[in-house]
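Here are my notes on the ligand site, in the order I went through it. Have the structure open while you read.

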Amino acid sequence: MVIVFLGPPGVGKGTQCRLLAASSGLPHVSTGELFRKAVAQASDISQHVAARLSAGQLVDDRLVFDVVEWRLGQSDCRKGCILDGFPRNLSQAEWLDQWLAQRGRNVDLVIALNAAESELVDRLLRRASQEHRSDDTLETVRTRLALYRSHTEPLVDYYRRRGVLVEVDGLGTPEEVARRIRQAMDQRIGGTGPGDNREG
Ligand code: AP5
Ligand code: MG
């Protein structure tokens, strides 16, 4: 099963993907985390990526595709995965469809989280005081939100037209949001309960 999490910065994609990965056994694939790791390891892509991340700009599609293809090709993704932060624009969504179709698969479910912009900004600035992500400054958060609206939000309609979209309110405690996601998944596909690591 391939599940995509969509939603603006700070809405809780990473938090919810981690919870769902723990309960479903599906691997959590976060392009943001892969890029942050690449920067920390001073790899050959780190300069370009570090600059894009700290400016709140998207990393070039070609680089994104290389990283995603490498990650999805790992054996733990054979049974599916939970995608966090990818796809992020139309060309990435089309690339993913094609990549999956070549392997007889498709995006099974898209969970779109949402919350008021003021809440998103509060959460990210709170995180800035706890963790040190180069992109959690007010200015960069604004850039990331604007990029989300212009490039990523159109994917909500893209997946709605496919009939795979579930919209979930991201407000409340992480546990409340997780419960909503679980309910929505149960209604839609019969759930991916603990230990339910179905192929596909
Ligand atoms: P990425 O890492 O994907 O960041 P993002 O989309 O900006 O989102 P965040 O990770 O900030 O937020 P989140 O929704 O995961 O929320 P979280 O659970 O952390 O991307 C970073 C950068 O990498 C991009 O800007 C781009 O440069 C590059 N990149 C990545 N993917 C790319 C792609 N496909 N193409 C091109 N470039 C790409 O929660 C946020 C905070 O709120 C946390 O502190 C958390 O503890 C807290 N929180 C979570 N849930 C709740 C809750 N319910 N109530 C209160 N607080 C909560
Ligand atoms: Mg995240």
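1. First, a term: a pocket here is an open set of grid points, on a 1 Å grid over the protein atoms alone, with protein on both sides within 12 Å along at least five of seven lines. In that sense, the space taken by ligand 1 is the largest pocket. Keep in mind that this is a predicted model.

2. Now the elements around that site. Helices H1 (13-24), H2 (31-40) and H6 (117-130) are the ones that each give two or more residues to the shell around ligand 1. H2 gives the most, with four residues.

3. How many residues surround ligand 1, and which are the closest? The count is 31, and the closest are Thr15, Thr31, Gln57, Arg127 and Arg144. Sorted by class, the shell has twelve polar, eleven nonpolar and eight charged residues.

4. For Arg123, a polar side-chain atom is 3.5 Å from a nitrogen atom of the ligand. On its own, ligand 1 has 1,000 Å² of accessible area, and the protein covers 90% of that.

5. One more residue to check is Arg126, which belongs to helix H6. Its relative accessible area is 48%, so Arg126 counts as partly exposed; the exposed class starts over 50%. Asp136 is ten residues away from Arg126 along the chain, and their C-alpha atoms are 9.0 Å apart.

Key
Residues numbered from 1 in each chain as written. Chains lettered and ligands numbered in written order. Predicted model: local features only at pLDDT ≥ 70, side-chain atom pairs only at ≥ 80, totals over all residues. Heavy atoms only, no water. Near = heavy atom within 4 Å. Polar contact = N/O pair within 3.5 Å; in protein donor to acceptor, adjacent residues only side chain to side chain. Areas by Shrake-Rupley, 256 points an atom, 1.4 Å probe, with all protein chains shown as cover. 1 Å grid on protein atoms, 1.4 Å probe; cavity = no way out; pocket = protein on both sides within 12 Å on 5 of 7 lines; lining within 4 Å. Sits in = over half its atoms within 2 Å of the grid points. Nonpolar A, V, L, I, M, F, W, Y, C, P; charged D, E, K, R; others polar. Buried < 20%, exposed > 50% of the residue type's maximum accessible area, 1.4 Å probe, protein only.
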